[in-house]
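Here's a walk through one model, a few spots at a time. Have the viewer open and follow along.

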Amino acid sequence: MSQSRAAVNPCSMCMPLGSVLVFRGIDGCMPLFHGSQGCSTYMRLYLAHHFRESVDIASSALSEKAAVYGGAANLKKGLKNVIKGYSPKAIGLSTTCLAETIGDDVVRTVREFLEEEPDCRSITIIPVSTPSYADSHEEGYSAALLATVKALAERSKPNRKLNLVVGTMISPAEVRYLKRLLGDWAAEFILLPDISRTFDAPISADPPRIPAGGTTLEEIRDTANSLASITVGAWANHRAAGEYLEKEFSVPHYPLPLPIGLKFTDMLMGRIEEITGLHMPEAYEQERGCLLDAIVDAHKLLADVRTAVYGDSEMVLGLLNFMMELGIRPLVAATGGLSKAFEKLAKEIAPEAVVLAGVDFSDIDGEIAAQEIELMVGPFTGRQIARARKIPLLRVGFPNHDRFGASRQSLLGYQGAAGLVDDLANTLLEERERSSERSP
Ligand code: SF4
């Protein structure tokens, strides 16, 4: 972990930003930040640059006066304006640093608001505490997911569905992949949160104010009655929503890693087989075979390549495991959030790697230099190191602002892993060509 008191180029983002990734995956849900206006402006832009979609986030726009006397009046006004302007079915209400620092009681303010405005009682308001100084966007995502199931899940008639909880941020294409997988399996399922359309929508002359798509409120209520829950992206952390459904409604919960690479995808397939009693569809057997073929094709090129991998903790764990399967040598594994579980698991997966959690890019740079890294894999935020040290960078995960296609990138499943083998190999080959052109 960083010994410095200031972060220099952080490797993680604000906690409320993570909550937006959940709330945008709920049908008819509008995110609202209780705090100063700059937070919502910065996060809207950050998300818009990554997904290349417009992203609305409302703000209660606290001023100096509210910072001194409390922001309840602003929040009530903000809720009213959002309801008037967007006609939402739900509002995801996240706090930012300022609201937390002045100690606003958001839950009480929401209660008062609903007492004062009986017409607004049909709208589900989901408050979540996300002070950015407490943790990263990954924890904000997790907290919003838990707040969502706590606010909505309710016992009724048992169903035959499988809850597939996405425990950490993945791309719209990856959500589509998981939905297709369960559809091909002929399994009844509820996937939460579903950003497959809300962050990757077809062009439209007259787009709706809240993008179409997302998990419906009815489906989220019904998660309490399902056969079981699987949370993908919950190998180190991010288990709270699934654990809540297990504890409160006796829905058995199976936390799994993100299905990146062979073994982690096998784990997901095996678990679905066990829960549904149905075999993996033939098409996925074929995909598995093709992945093995791709690994054999590229193994000579990829073997022993000294690699650094960084970014969201669950993605890093998945990539590390796949790199070990490929014979790559991951020597640096880093994430911006604080997580002892990440440190332990990363070390178990890649014993040779220097594992860093709660670090910024100045810490990561030091290790990359010390380990003589040949290939970097992670979000675009590592590009300054890559450029300065002339190390090829394969851009994966969030954020990706300087290339197109982040919404369509898919690392998951056998198919995603085969694509990743190609990308790793081609990134190395391109760099070798470039450096041979550079040399006299
Ligand atoms: S660190 Fe806090 S104040 Fe700054 S943008 Fe993030 S949430 Fe807002």
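His 137 sits in helix 7 (residues 137-152); helices here are DSSP runs of H or I with at least four residues, strands are runs of E with at least two, and both are numbered from the N terminus. This is a predicted model, so local features need pLDDT of at least 70 and side-chain atom pairs count only at pLDDT 80 or more, while totals for chains, interfaces and linings use all residues. Residues are numbered from 1 along each chain as its sequence is written, and side-chain values use heavy atoms, with hydrogens and water left out.

Is His 137 buried or exposed? It counts as buried, because its relative accessibility is 2%, and the cut-offs are under 20% for buried, over 50% for exposed and partly exposed in between (1.4 Å probe, protein chains only). Setting aside residues up to four places away in sequence, His 137 touches Ser 12, Met 13, Cys 14, Met 15, Leu 17, Gly 18, Asp 312 and Phe 398; contact means heavy atoms within 4.5 Å.

Next stop is Thr 95, in strand 3 (residues 90-95). With 5% relative accessibility, Thr 95 is another residue that counts as buried. Its contacts, not counting residues up to four places away in sequence, include Pro 16, Glu 100, Val 106 and Val 128. His 34 is also on that list: Thr 95 and His 34 are 61 residues apart in sequence, yet their C-alpha atoms are 4.8 Å apart in space.

## Strand 10 and its two partners

Now look at strand 10 (residues 329-335): 6 of its 7 residues are buried, so the rest of the structure largely encloses it. Strand 9 (residues 306-310) pairs with strand 10 in the parallel sense over 5 bridges; pairing takes at least two DSSP bridges between the strands.

With helix 14 (residues 340-349), strands 10 and 11 make a right-handed β-α-β unit.

Zooming out, the protein chain splits into domain 1 (15-152), domain 2 (162-202 + 211-280) and domain 3 (283-438), with bounds from an automatic or database domain assignment. The C-alpha centres of domains 2 and 3 lie 25 Å apart, and 33 residues of domain 2 are in contact with 34 of domain 3. Together the two bury about 2,700 Å², 61% of it on carbon and sulfur atoms; buried area is the accessible area (1.4 Å probe) that two parts lose on being put together, summed over both. On the domain 2 side, Ile 260, Leu 262 and Met 280 lose the most area to domain 3, together 25% of what that side buries.

How many salt bridges does the rule find across this interface? There are 2, where a salt bridge is a side-chain nitrogen of Lys or Arg within 4 Å of a carboxyl oxygen of Asp or Glu. Arg 180 forms a salt bridge with Glu 287, and the closest N and O atoms are 3.8 Å apart.

Finally, Thr 265 lies in helix 11 (residues 261-276) and counts as buried at 1% relative accessibility. Leaving aside neighbours within four places in sequence, Thr 265 is in contact with Pro 259, Ile 260, Gly 413 and Tyr 414.

Key:
Right-handed = clockwise from strand over helix to strand, strands pointing away.
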